[in-house]
Amino acid sequence: MKNVIRCWSGALNNRPGTKIFLNVALIITLSWLSIFVFNPKASSFSLDVADAKELIILTNQERLKYNLSPLFPNDQLAAAALNKANDLLKEQYFSHNSPKGKTFSAWIKDVDYDYIIVGENLAMGFGSKEGIMAAWMNSDKHRQNILNEHYKEIGLAVLRGNYQGRETKMVVQIFGATTGNRLSEIFLPYQELNLRNVIKKLNSYS
């Protein structure tokens, strides 16, 4: 099976900003949170929860290298990713839009995720989680999704199934953010630290 990846994004390109010291407790907490990925039944296909968890961790590791906030696993985005992966295998296509005309954003709307920004990475045919991540990071558009500072949450599904006569793993990674994310992000430790530094600098000009 040939290794294949696809990318869809409605986001602006991300440029790493000023280096911010990330609170170790936050990273550890997020690592534990990533264990509780949404785990529904996946029709006749086999859901690989372990791979999905690990890919979320690998994604956050890449973001931390660029001083970006880790992504929180979200049940709704995970459900959308699962539904999309199931449809890819059932209908035998590999694209952001289905042959029946269903657009990428429709999968997110189906689970009532009230987004302000969303993006999607796809992968198929890879033998390892590290191989998937390396391919995404070596692709400009996929890397832009992974390193987009506007994303706050993630949903990921890995389904084992048959594609065009061969066994494979179908991977769907969905990124998103809601208005609620914007209101709450100030409470993250690294954001609080950065905010204090900004206020201190502004006060020095007075």
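Okay, a definition to start: a residue is buried when its relative accessible area is under 20%, exposed when over 50%, and partly exposed in between, using a 1.4 Å probe and protein chains only. By that rule, 47% of the 206 residues of this chain count as buried.

A quick word on the source. It's a predicted model, so to speak: local features need pLDDT of at least 70, side-chain atom pairs count only at pLDDT 80 or more, and totals for chains, interfaces and linings use all residues. Residues are numbered from 1 along each chain as its sequence is written, and side-chain values use heavy atoms, with hydrogens and water left out.

Now the overall layout. The chain has eight helices and six strands; these are DSSP runs numbered from the N terminus, with helices (H or I) of at least four residues and strands (E) of at least two. From the N terminus, the order is β-α-β-α-β-α-α-β-α-α-β-β-α-α.

Let's look at one pair, helix 2 (residues 49-65) and helix 5. Their axes, lines fitted to C-alpha atoms over the stretch in contact, come within 10 Å and cross at roughly 40°. Among the residues that meet there, with heavy atoms within 4.5 Å, are Leu 55 and Leu 58 from helix 2, and Ile 132 and Met 133 from helix 5.

Last stop: Ser 139, in the loop between helix 5 (129-137) and helix 6 (140-146). Is Ser 139 buried or exposed? With 18% relative accessibility, Ser 139 counts as buried. Its side chain also makes a polar contact of 2.6 Å with the side chain of His 142; that term means a pair of N or O atoms within 3.5 Å, one able to donate a hydrogen and the other to accept it within protein, and residues adjacent in sequence count only if both atoms are side-chain atoms.

How values were computed. Axes are lines fitted to C-alpha atoms, for helices over the stretch in contact, and angles run from 0 to 180 degrees between N-to-C directions.
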